[in-house]
Amino acid sequence: VFDLGVSTPQLKDPQRGFSFTTEAVLDMRMDTTTQVTAQDVVAGWSEEELADVLFRYGQERWARRIARRIVEARQQEPIQTTTRLARLVMEAIPPRYYPKKIHPATRTFQAIRIAVNDELGSLEQGLDAAIDLLAPGGRICVISFHSLEDAIVKNRFRTWERGCRCPASSPVCLCGGKPTLRVLTKKPLRPSEREVAANARSRSARLRAGQKVGEA
């Protein structure tokens, strides 16, 4: 079972630098023994790299403006705290376009956190290792919380169920690949209204499951 939810105690720890609501050093590392921090990202990545990360990982429509503002600001003074980064994001987005349900810096912080921790790459590696370890008849279940994670899980499951990796234009299978998984959830399972009422954090959860096929 993979539960891809972010650790609430880590997010709430002001010293970890995940939150834009409390002033802290920009860190955002899940594993504090790794080298790259959020401060390194905003200090050293190019405007193009920053914009790409914000758009791909945060699905931020104002990615280019935010990246440009970060680069301009760091030339004057290093960006070292969560609150300063949040202010820069708010300066970059026209106020009339602020999202109604989330803080304007939410997507930027999410994108940088994902990049710092290589969350999507780790997910891909974990899924591939899991399917190799799973015994025939065993099941794999993944709970994801945003669309990028869910897309990776869905595509991996489809590839394993199809088996064949030949291009769609090939009239016959030439790779000899065989299915290794039977998908049990054609659509992801979502929490009920009752569950969301009891636990608001579950509202974006999606559960996908599959069963390993093959001889024991």
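Modeller: Helices are DSSP runs of H or I with at least four residues, strands are runs of E with at least two, and both are numbered from the N terminus. The expected span of a helix is 1.5 Å times one less than its number of residues. The model is predicted, so local features need pLDDT of at least 70 and side-chain atom pairs count only at pLDDT 80 or more, while totals for chains, interfaces and linings use all residues. Residues are numbered from 1 along each chain as its sequence is written, and side-chain values use heavy atoms, with hydrogens and water left out.

Helix α6 covers residues 106-117, and its axis comes within 9 Å of that of helix α5, residues 82-92, with a crossing angle of roughly 125°. Axes here are lines fitted to C-alpha atoms, for helices over the stretch in contact, and angles run from 0 to 180 degrees between N-to-C directions. That angle makes α5 oblique to α6; under 35 degrees counts as roughly parallel, over 145 as roughly antiparallel, 65 to 115 as roughly perpendicular, and the rest as oblique. In this pair, T82, L85, A86 and V89 of α5 are in contact (heavy atoms within 4.5 Å) with T108, F109 and I112 of α6. These residues comprise 5 nonpolar, 2 polar and no charged.

Helix α7 is the next partner. Its axis and that of α6 come within 6 Å and cross at roughly 50°, and the two helices are therefore oblique to each other. Here R113, I114 and N117 of α6 meet E119, L120 and S122 of α7. Helix α7 spans residues 119-133; its 15 residues reach 21 Å from first C-alpha to last, close to the 21 Å expected at 1.5 Å a residue.

F18 lies in the loop between α1 (8-12) and α2 (38-44). Because its relative accessibility is 8%, F18 counts as buried, a term for under 20% relative accessible area, with exposed over 50% and partly exposed in between (1.4 Å probe, protein chains only). Neighbours within four places in sequence aside, the contacts of F18 include F109 and R113. V41, in helix α2, is buried with a relative accessible area of 1%. Not counting residues up to four places away in sequence, V41 touches V36, L50, R74, I112 and V116.

Notes
Nonpolar A, V, L, I, M, F, W, Y, C, P; charged D, E, K, R; others polar.
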